[in-house]
Amino acid sequence: THLSEDERMFFQSALDFAKKDIAPLVSKMDESEVMDPSIIRKMHELGFMGVEVPEKYGGAGSTFFNAILIIEALAQVDPSVSVLMDVQNTLVENAFLKWGTEHLKNKYLPMLTSSKVGSYCLTEPNSGSDAFALRTRAWDEGTHYRITGKKVFITNAKEADVFIVFAN
C-alpha cells in the first residue's frame, strides 16, 4: 500500500506500543479476562482513544483511516485491545460527534479522549443487533430517563464509564 508519512507514523507508533507494552501482558489478560488498566491509560496518553475527535474536545483531530491503521496494528498483538479501541472510536465517539448536542459533546468527549472508556449497548437477547426490533424502552420522567429491557454482549462494559444505551 501507499501510505503517507503521517499514516505510516500512526501505524508504526501503534505497532511499537503493542509490541512493547501490550505483548508482555497478553497471556495474563487472557487468563484473567481483565484488561490491564495501564494499557487503557497509555492508549489515552497516545491519543488512540480519540483519533477522530476534534482537538477542541481533546481528541487527535485525525481521520477514520488513521483510526483503522491503529486498530490493525494493535490487532497484530492483541485483538481484544484493538476491539476496545475500535468501539471507543468508531461507535461511541462517532455517535456523540454525529448525533450529540454541543452540550453532550462538551461533557463526554473530553473525558472519553483523556481517561474514560465508552460502551455501545445495542444487542438484545431476542433481536440481536437489529436496532428496529429493540424491546428496550426509555421514558422521559422529567429529570431522568427510566429504562426497561435487557442488553447482551456489551462490548467494553467491564472497563466502561460511559454507556450509550439504545432504546425506543
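**Helix 1 and its packing**

Guide: The buried residues of helix 1 pack against helix 2 (26-32), helix 3 (37-45), helix 4 (64-75) and helix 5. Keep in mind that this is a predicted model.

Start with the length. Helix 1 covers residues 5-22, which is 18 residues.

Now the faces. Which residues of helix 1 are buried? They are Phe-10, Phe-11, Ala-14, Leu-15, Phe-17, Ala-18 and Ile-22. Around the axis they cover an arc of only 160°, so they sit on the same side of helix 1. The other side carries exposed residues: Glu-5, Lys-19 and Lys-20.

Next, a partner. Helix 5 is one of the elements that the buried residues of helix 1 pack against. The structure holds three aromatic pairs. One of them joins Phe-96 and Tyr-108, and this pair is stacked. The ring centres are 5.2 Å apart, with 25° between the planes. Phe-96 belongs to helix 5 (residues 79-99), and Tyr-108 to helix 6 (residues 102-114). Twelve residues separate the two, and the pair links distant parts of the chain.

Are these two residues buried or exposed? Phe-96 has a relative accessible area of 8%, under the 20% cut-off, so Phe-96 is buried. Tyr-108 reaches 21% relative accessibility and therefore counts as partly exposed.

Definitions and conventions. Residues numbered from 1 in each chain as written. Predicted model: local features only at pLDDT ≥ 70, side-chain atom pairs only at ≥ 80, totals over all residues. Heavy atoms only, no water. Phe/Tyr/Trp six-rings, centres within 6.5 Å; stacked < 30°, edge-to-face > 60°. Helix = DSSP H or I, 4+ residues; strand = E, 2+ residues; numbered from the N terminus. Buried < 20%, exposed > 50% of the residue type's maximum accessible area, 1.4 Å probe, protein only. Expected span 1.5 Å × (residues − 1). Arc of directions from axis to C-beta. Contact = heavy atoms within 4.5 Å.
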